Amino acid sequence: MPQRDFNDEKDQQLESVRTDAEHTRLTTQQGVRVDHTDDSLTAGARGPTLLEDFHAREKITHFDHERIPERVVHARGAGAYGHFQPYDTWLAEYTAAEFLTDPQIRTPVFVRFSTVAGSRGSADTVRDVRGFATKFYTRQGNYDLVGNNMPVFFIQDGIKFPDFVHAVKPEPHNEIPQAQSAHDTLWDFVAQQPETMHMIMWLMSDRALPRSYRMMQGFGVHTFRLVSADGRGTFVKFHWKPLLGTHSLVWDETQKIAGKDPDFNRRDLWEAIETGDFPEWELGVQLVSEDDEHSFDFDLLDATKIIPEEQVPVRPVGRLVLDRNPDNFFAETEQVAFHTANIVPGIDFSNDPLLQARNFSYLDTQLLRLGGPNFAHIPVNRPVAPVHTNQRDGFAQHRIHRGRTSYFDNSLAGGCPAVSGQFPEVFTHYQEKVEGAKIRKRSDSFKDFYSQATLFYNSMTQPEKDHIVAAFRFELGKVEQTEIRAAVVDHLNHVDHGLATQVAQGIGVPAPQQEATPNHGRSSPALSQLISPVASAKTRKVAVLIADGVDGIGTRRLVSALTQAGAIPELLAPADGMVRCANDEDIKADRAINTMASVLYDAVVVPCGPDSVSTLSKDGYAVHFVTEAFKHGKPVGAFGAGIKLLRIANLGETRLASSEDDVVSDVGVVTTPKAEKSMDDQYFETLVAQLAKHRIWDRDTAAIPA
Ligand code: HDE
């Protein structure tokens with residue numbers, strides 16, 4: 001094995017269990033070398049297979065046992081390793097957790113992103129919440145921040161989780177639909193449980209359709225508690241902000257991607273890491289002192305509420321970078337076991353009833369999924385902090401504990417492992433004073449179900465609102481029972497009368513006559529993805545459509561300008577192989593157009609070359625490619641004769657450059673009549689600026705077919 005540098009302690013720890021097939025010989029599990037693995041041992045060439053064929057039996061038996069239960073929720077996921085490092089020491093005033101407060105410490109992490117409702121083989125781009133779970137291998141033990149890409153949740157108390165999940169999962173009689181919320185049982189549940197309304201607004205928004213896991217926010221959701229070295233508690237909400245900004249796909253596009261590339265988000269994460277475009281997030285915290293616990297018009301323990309950032313700012317803590325793909329999906333991404341109760345000194349729980357239930361559920365679920373109590377021995381789950389317990393035996397015990405003692409307190413082993421030390425060296429539960437009668441009752445402070453749903457809706461820009469209305473119409477339009485549709489509209493009428501009316505009009509139920517609750521008019525601009533977007537062309541994929549006769553010089557200049565801006569251009573031609581340019585040079589096509597689709601790119605550009613454009617104009621894939629990209633709000637470019645393809649593709653009233661123009665940029669369509677060397681750099685700059693915007697929403701695409 002060549003010597004290599006390890007990224008960190010976790011990487012080094014994993015090295016001891018990595019194995020490679022190179023230069024090895026096939027053996028049984030017992031290490032016995034075999035000479036033949038294609039034919040069973042039989043009595044005569046055409047006779048029955050013999051029981052003594054231990055190799056065949058072992059091979060088939062192992063195969064029979066290769067599946068473990070998939071996660072009951074979040075079954076579909078993708079993971080990566082990386083590290084977290086705080087910027088500063090400022091948080092030390094509030095927490096004793098050194099991985100959050102010592103800028104010298106770079107903590108290894110494993111992050112798993114996931115969808116929630118679909119099974120392991122379902123498509124990535126469905127309308128759903130995304131999981132964002134981070135395991136920090138800290139020197140004080142593993143800390144798991146098991147969050148989502150939306151800051152609130154559907155229900156307030158964990159006892160309702162089985163009901164909610166049964167409602168959103170495929171219906172039990174026919175197991176339809178897969179990974180979809182657009183069906184009767186989910187919306188029946190929503191109609192019965194108005195506490196879902198805030199989260200439902202998020203689910204119907206663009207947040208449920210992330211462009212990439214790399215362009216998604218993350219939230220701890222619950223209010224947790226930080227505990228300082230001198231034992232003071234402070235409430236905290238955790239936020240992850242992606243450095244590339246938060247961006248989404250559009251609904252029609254996501255549905256098509258689910259067929260064209262069901263692994264779209266997983267592939268995107270994998271490829272970005274392989275090519276060195278390491279995704280990054282900033283960890284931020286909202287802090288609330290214990291004295292201020294009751295100073296909000298909602299309950300901090302209610303996971304259906306956010307603390308608006310305008311009220312309590314998000315303060316930056318440190319940076320997360322994902323820079324290494326796992327070696328083996330099953331061993332690492334499938335077997336990673338997160339648990340909300342994996343906390344370290346300096347972090348503690350709040351009494352959020354959803355969190356309290358999670359603290360039970362995650363350990364319980366791992367026992368079934370990973371086959372017993374020793375799942376922490378699985379390499380991806382092992383802490384880098386030393387582990388010494390009196391726990392012994394159990395299925396798949398991996399440690400060889402020496403000595404006679406496995407109990408506490410003992411004298412035979414000198415009382416070891418010993419309990420000693422003081423907080424924060426050891427974990428000590430935060431001494432919160434609680435009292436009350438045993439009671440099964442939702443707190444009255446949890447009973448406002450609508451005002452933050454309204455806050456969310458008010459905070460959206462017009463295109464974001466339009467997408468929400470369209471999403472409700474789609475989802476409820478799939479619901480068979482009209483009563484359920486009408487009941488949801490009734491709830492929406494408490495959120496916003498205009499919203500309820502527009503939705504009702506699309507789904508054939510009567511629009512409410514008057515508003516049920518007046519809209520309070522408050523908003524929180526931080527909730528919108530479009531109000532202050534991060535503009536960046538980095539890692540954006542651009543399809544460049546070419547055929548024989550293409551302007552080679554112009555195409556090379558385009559590729560170089562896009563690459564310099566950090567974008568990823570790909571040359572798509574009618575067939576794989578070399579393309580002969582107008583200047584007789586050859587240029588290699590990256591892919592054949594018919595193996596790809598516009599929905600797999602962020603933008604499309606058609607270079608000059610009369611012959612090239614003439615070929616592309618007769619290729620329905622190429623024409624559709626351009627129309628569809630335009631329909632989905634993506635930047636479109638063309639230069640020289642390339643503009644002809646845009647005309648054929650029908651981009652509505654969009655103004656395209658004519659021979660008198662220099663550079664024309666209209667609703668994100670950037671054209672110039674020039675080609676080859678005569679093109680100004682301004683053309684490329686304008687194109688890159690549009691690409692950095694992600695999508696152009698002020699286009700009228702209603703009549704564009706795609
Ligand atoms: Fe989970 N959740 N959850 N959840 N959850 C699981 O744990 C559960 C909740 C979240 O990539 C399960 O190992 C209950 C909120 C993520 O491996 C299970 C309740 C949030 C992941 C479970 C919740 C989450 C899970 C399934 C209500 C956002 C994937 C398999 C009380 C803050 C982690 C497993 C990964 C996974 C239970 C609610 C996020 C069954 C009972 C709220 C990201 O234990």
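1. In the hairpin of β13 and β14, which leaves 5 residues between its strands, D584 adopts a positive phi near 70°. The two strands, β13 at residues 577–580 and β14 at residues 586–589, run antiparallel and are joined by 4 bridges, and R580 has D586 in β14 as its bridge partner. Strands here are DSSP runs (E, at least two residues) and helices likewise (H or I, at least four residues), numbered from the N terminus, while two strands count as paired if DSSP finds at least two bridges between them.

2. The model is a predicted one, in which local features need pLDDT of at least 70 and side-chain atom pairs count only at pLDDT 80 or more, whereas totals for chains, interfaces and linings use all residues. Residues are numbered from 1 along each chain as its sequence is written.

3. An open sheet of 7 strands has the order β15-β12-β11-β16-β17-β19-β18, with mixed pairing; its edge strands, β15 (591–592) and β18 (664–666), each pair on one side only. Within this sheet, β16 (residues 603–606) and β17 (residues 636–639) run parallel and are joined by 3 bridges, with V604 standing opposite V636 in β17.

4. Helix α14 (residues 552–564) packs on the sheet, where it touches β11 (541–545), β12 (568–573), β16 and β17, and its direction makes about 150° with that of β12. Helix α16 (residues 620–631) lies across β11, β16 and β17 and runs at about 135° to β16. The angles, on a scale from 0 to 180 degrees, are taken between N-to-C directions of lines fitted to C-alpha atoms, for helices over the stretch in contact.

5. The domain assignment, which is automatic or taken from a database, gives domain 1 (77–366), domain 2 (459–527) and domain 3 (541–692). The centres of domain 1 and domain 3, taken over C-alpha atoms, are separated by 38 Å, and 7 residues of domain 1 are in contact (C-beta atoms, placed from the backbone, within 7 Å) with 5 residues of domain 3.

6. Around the ligand there are 25 residues, the closest being R71, H74, G131, G158 and V221; the criterion is a C-beta atom, placed from the backbone, within 6 Å of the molecule. Two or more residues of this shell come from each of β2 (107–115), β3 (130–138), β4 (141–148) and α9 (353–369), and the largest share, 6 residues, comes from α9.

Methods: Contact = placed C-beta atoms within 7 Å.
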